[in-house]
Amino acid sequence: MKASAIANLNIALVKYWGKRNKELILPKNSSISVTIEGLFSHTTVEFGEEYKDDIFVLDGKEFKRGSEEYDEYIEKFLNFVRQFSKINFRAKIVSKNNFPPAAGLASSAAGFAALATAINKALNLALSQTELSILARRGSGSATRSIFGGFVEWRKGVKEDGSDSSAVQIVPPDYWPDFRILICLTSKKEKKIKSRAGMEQTVKTSPYYRAWLATVDEDLKKAKKGILEKNFTLVGKTAEENCLKMHATMITTYPPIIYWNEGTIEVIRSVLNWREGGLETYFTIDAGPQVKILCKELDVSEVKKRLKNIKTLENTILARPGRGARITKRHLF
Ligand code: DP6
């Protein structure tokens, strides 16, 4: 009853922000993302009699009962898995990310996609990809999408039990070979407000949240069309506008949620200037200060050269569309 899996993180082009059901992690709106090759969570899980309590170790640190990571994320998820699989054993989970945790790089997306995939094997659940995405969703909403590679849509579904709230692949990773993302790390610090609490507060208090919901379907249509046609301008413009609309709802939340730092603003301004000067780039930002620049492969070296002038940047990572979650034989314990 032991298995390991690897899942890449994903970057949302049309964001998921707001839940209609907190317990089942059902979103208010559908979302679209691109799964990112090479930035992943590697997770090993083992169920067994020898474990008297669940154990969770992330990046070498053990999270115990009483911590948010354990109580709100791991324990809730494992209890659901036990109820659903009718297996009563406790589990040990060891997980490693090759990117900074909780800094707006959707670590829970990669983490729960890997964990769900490993659990499926460890407990012989024989779940389909769609069912796996539903299982991953119970850990963290954005994880629903990381089960699949390439460009992915998480369809919000309409059923109250969430059985139709799952992800589908729009196109595989190699469909759009010159699509690139430059991830600009403007800070490696852990963010103060997790997406979970942030989105709840936004739904409750932002007067702009209604406007967000009113326009997101149009963004989904445009992003999907752009992806299918490999229309970089349409995808980039839609993603950037959608990101700014989400951040407008965050900023107008009470108390305000401002994930940006000085570096974030500097990259935003640079991208806008570059575009005016003819270098076609767009940005998107999740619940953190990192900026992801969307560009075409032929512009990567120019973008990298220009990013060197931004002194506030800690690091940049070049990424492309990547594979979905998969089993590995390499166990972490
Ligand atoms: C801004 O998936 O981390 O990255 O479902 O509560 O675990 P929970 O939230 P999470 O939220 C991600 C929000 C986002 C946008 C996105 O990835 O679509």
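Which of the 17 residues around the ligand come nearest? The legends below take up this question and then turn to the domains and the backbone of this predicted model.

**View 1. Residues around the ligand.** Y16, K19, S140, G141 and S142 come nearest among the 17 residues around the ligand. The side chain of Y16 places an N or O atom 2.5 Å from a ligand oxygen atom. For S140, the distance from a polar side-chain atom to an oxygen atom of the ligand is 2.6 Å. The side chain of R145 also has an N or O atom 2.8 Å from an oxygen atom of the ligand.

**View 2. The two domains of the protein chain.** Domain 1 covers residues 2-176, and domain 2 covers residues 179-319. Their C-alpha centres are 23 Å apart. To the contact, domain 1 contributes 36 residues and domain 2 contributes 50 residues. About 3800 Å² is buried between domain 1 and domain 2, with 69% of it on carbon and sulfur atoms. Of the area that domain 1 buries against domain 2, 26% comes from K15, W17 and W176, more than from any other three residues.

View 3. Six salt bridges are found across the interface of domain 1 and domain 2. K22 and E200 form a salt bridge in which the closest N and O atoms are 3.3 Å apart.

**View 4. The side of domain 1 that touches domain 2.** At least two residues of this side come from each of β1 (2-14), β4 (31-48), α1 (68-85), β8 (151-155) and β9 (166-171). β4 gives the most, with five residues. Sorted by class, this side of domain 1 has 21 nonpolar, seven polar and eight charged residues.

**View 5. The cis peptide bond between Y254 and P255.** Y254 and P255 are joined by a cis peptide bond, with omega about -10°. P255 belongs to the loop between α7 (232-251) and α8 (262-276). Most peptide bonds are trans.

**View 6. The backbone at N124.** N124 is a residue other than glycine with a positive phi, near 50°. The loop between α2 (107-122) and α3 (129-137) contains N124. A negative phi is found in most residues other than glycine.

Key. Residues are numbered from 1 along each chain as its sequence is written. This is a predicted model: local features need pLDDT of at least 70, side-chain atom pairs count only at pLDDT 80 or more; totals for chains, interfaces and linings use all residues. Side-chain values use heavy atoms; hydrogens and water are left out. Domain bounds come from an automatic or database domain assignment. Contact means heavy atoms within 4.5 Å. Buried area is the accessible area (1.4 Å probe) that two parts lose on being put together, summed over both. A salt bridge is a side-chain nitrogen of Lys or Arg within 4 Å of a carboxyl oxygen of Asp or Glu. Helices (H or I, at least four residues) and strands (E, at least two) are DSSP runs, numbered from the N terminus. Ala, Val, Leu, Ile, Met, Phe, Trp, Tyr, Cys and Pro count as nonpolar, Asp, Glu, Lys and Arg as charged, and the others, Gly among them, as polar. A residue is near a molecule or strand if one of its heavy atoms lies within 4 Å of it. A polar contact is a pair of N or O atoms within 3.5 Å; within protein, one must be able to donate a hydrogen and the other to accept it, and residues adjacent in sequence count only if both atoms are side-chain atoms.
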